[in-house]
Amino acid sequence: MRYGDFVSKAAVNYRVVSYNRLTPKPLTDATGAEIPYTPPQVRLRARDVIRLLTPYTRVRFMDQFRAVIPLAAYLAFFQAFIFQQPVREPWTVGAGFATVIVGLMMFMEGVKVGLMPFGEVIGDRLPARFGLPVVLTVAFIIGVGVTFAEPAIGALRAAGGAVDPARAPYLAYLLNHRTFELALAVGGGVGMACVAGSLRFIYGWSLKPLIYLSLAAALWLTWKLMSDALLNDLIGLAWDCGAITTGPVTVPLALALGIGIAAASGKSDSPSAGLGIVTLASLFPVVCVMAFGLWVASTTPVSALPAPGAPAAAAAWFTRTPFAELLSAIQAVGPVALFLVFLLRVALRERLKESGVIAYGIALCFAGMALFNVGLAYGLANLGGQAGGMAPAMFTRVDAVAESPVYPWLLGVGIVVVFAAALGFGATVAEPALGALGMTVENLTNGAYRKKFLIYAVAAGVGLGVAAGVVKIIFALPLGALLVALYLLAAVMTFFSTEEFVNIAWDSAGVTTGPVTVPLVLAIGLAFGAATGSDGFGILALCSIFPILTTLSTGLWIQWKVKNSHL
Amino acid sequence: MTKQRITALTDVALITCVVQKGMADEVIRAATGAGAQGATVFYARGHGMRERLGALAVAVDVEKEVVNIVVSSDQADRVFERMCAAGDLSTPGMGFMYMTRLDKAATYVPPEILAAVEKKEP
């Protein structure tokens with residue numbers, strides 16, 4: 001007996017079945033022609049259904065679990081042991097986080113099987129059927145639509161309640177009364193970015209002039225808002241919106257569309273194709289939101305703004321918890337899903353294969369978005385708000401915390417800044433989109449710029465950004481001036497960097513702000529700002545500019561090193 | 001003229017395992033644990049069980065990874081079983097695997113190992 005036979009006989013029970021007994025015999029009809037075989041549907045036992053669904057759910061659940069839980073644990077740990085304050089409502093927060101994980105899991109799977117196939121087919125077929133103007137219009141509308149479907153955009157609505165209308169009248173007005181138009185302004189920016197990105201794919205434009213142009217517009221508007229005391233607070237909101245837009249729905253769908261259009265127009269895809277669209281999608285909305293703010297200010301004088309606290313109408317059934325979230329989910333995903341279906345069936349007269357799977361995907365999008373919205377309010381925003389509200393108690397007197405200040409001033413400020421920096425760094429290192437970008441970078445630079453190096457450069461940038469945001473709030477530094485100075489520095493560095501690197505560095509800012517980080521950081525910032533009596537927006541904006549700076553500077557350093565080594 | 005030297009290996013078998021995208025690493029880890037020396041993965045699209053599952057088709061990925069592993073005939077059954085278990089192939093829709101005998105194979109074999117083998121059985 002062979003050794004191998006012996007081992008396997010000892011370990012496993014084999015049942016050997018001839019495959020001949022399982023395959024069908026050819027059937028013939030009355031005339032003797034063969035009837036083609038159609039496989040019957042398989043009826044599964046309940047046990048097999050569970051065995052089939054368990055790995056399917058587990059993999060997707062763990063993806064989100066790994067992204068959410070470390071952050072939540074870090075926040076809870078810091079709050080309990082360093083801030084020395086218990087987590088309030090721990091069960092609500094825990095259930096909220098569980099809901100976020102399940103919601104994100106369902107939503108991401110829904111986007112993958114329900115929306116992505118549309119993006120690919122439309123990007124592929126539309127340019128063949130219609131001229132460029134129609135294609136660009138469609139790209140614009142999809143850009144607007146996906147912005148509404150972005151999970152993090154719901155965080156804006158949640159942020160509205162934390163703004164003091166007496167101090168920042170226009171900010172409160174926009175967030176509480178003009179939420180839809182605000183999101184539309186953001187969407188318009190993303191739509192324009194989709195158009196510009198597609199044109200860039202087709203004509204092979206360089207990204208640099210686009211960056212200079214949109215930056216010039218954004219900085220000019222920032223400077224204009226800075227000179228008006230009532231509008232000053234809009235700067236933070238506008239720049240934060242840029243960070244919010246580039247999430248897990250917008251980026252892949254815009255990319256699929258842009259690449260499809262470029263391929264159809266006969267441009268082969270270079271390795272850097274697809275880069276750059278994220279940059280535009282985070283710069284254009286900034287311009288749009290600021291322009292929208294200026295327009296509102298010029299048409300509505302301060303005296304005409306609704307009085308603070310007035311609008312709270314009687315709570316109708318659709319404003320209560322499960323219904324409100326479901327309704328907002330339908331508002332968020334519905335338009336873009338309907339538009340995609342309409343485009344495909346009516347304009348293109350195409351049918352997707354497996355329409356049942358698509359319907360399942362879209363249904364998952366709705367359910368996932370609704371769950372995510374519930375979890376956002378009770379888990380992410382709740383815990384973030386607690387941590388942000390307690391942080392000032394480390395170094396100053398806060399009414400809510402009896403023993404404040406917990407530490408001497410300097411130590412307290414130091415602890416809070418370190419807390420913020422570690423939060424930013426940790427949240428970014430785990431971001432899966434960043435790993436993908438890192439791979440692209442390694443390929444583009446022939447290994448000169450390592451994937452790990454990019455991840456750490458970007459994560460350090462985000463850490464610096466959150467810390468800078470906290471410092472800005474503590475010392476009430478003017479955000480506008482900070483942003484103008486930092487972005488001018490980035491523009492100078494852009495001028496000296498190579499085209500590939502500019503693409504990578506500016507894109508890295510967009511990929512870092514996912515659907516978990518954004519609401520968390522936003523809530524921390526707002527609560528922190530409210531507790532210290534200053535403007536809480538702007539942390540996300542600083543989280544965007546610092547990674548650009550760190551990535552550009554490491555890129556320049558590597559460029560210099562490679563050049564020197566060849567001499 | 002110098003004669004080219006080739007070390008040909010006999011008693012080899014090929015195990016091919018088709019699993020859903022993302023599962024190959026786990027299967028390869030199991031095979032390596034059972035003594036397999038290497039693996040090749042390529043991507044493919046599958047057709048079969050998924051079309052017959054009805055609504056449950058959503059749980060099965062169309063995109064597959066095909067794992068090719070060459071093993072010695074002594075270890076073949078053991079590696080086969082480990083891979084089958086790791087890939088959970090007895091669950092509907094998870095994949096398919098088969099083993100074929102190979103006439104011979106050739107690759108780099110570390111010289112000291114070759115020398116040790118030849119000393120034992122000339």
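This report looks at the build of chain B and at one helix of chain A.

The model is predicted.

**Chain B: elements and overall form**

Chain B holds three helices and four strands. Read from the N terminus, its elements follow the order β-α-β-β-α-β-α. The radius of gyration of chain B is 18 Å, well over the 14 Å that the globule rule gives for 122 residues, so chain B is more spread out than a compact globule. The C-alpha trace spans about 65 × 30 × 20 Å along the principal axes of chain B.

How much of chain B is buried? Of its 122 residues, 37% count as buried. Now take the contacts in chain B with a separation of 6 or more: 78% of them join residues 24 or more positions apart.

| Property of chain B | Value |
|---|---|
| Positive side chains | 14 side chains |
| Negative side chains | 15 side chains |
| Distance between the centres of the two charge sets | 3 Å |

**Chain A: helix H6**

Helix H6 of chain A covers residues 169-177. Is this helix mostly covered or mostly open? H6(A) is mostly covered, with seven of its nine residues buried. Which residues of H6(A) are buried? They are A:Pro169, A:Tyr170, A:Leu171, A:Ala172, A:Tyr173, A:Leu174 and A:Leu175.

Terms used
Residues are numbered from 1 along each chain as its sequence is written. Chains are lettered from A and ligands numbered from 1 in the order in which they are written. This is a predicted model: local features need pLDDT of at least 70, side-chain atom pairs count only at pLDDT 80 or more; totals for chains, interfaces and linings use all residues. Side-chain values use heavy atoms; hydrogens and water are left out. Helices (H or I, at least four residues) and strands (E, at least two) are DSSP runs, numbered from the N terminus. The radius of gyration is taken over C-alpha atoms; the globule rule is 2.2 Å times the number of residues to the power 0.38. Buried means under 20% relative accessible area, exposed over 50%, partly exposed in between (1.4 Å probe, protein chains only). Contact means heavy atoms within 4.5 Å. Lys and Arg count as positive and Asp and Glu as negative; His and the chain ends are not counted. The place of a charge is taken as NZ of Lys, CZ of Arg, CG of Asp or CD of Glu.
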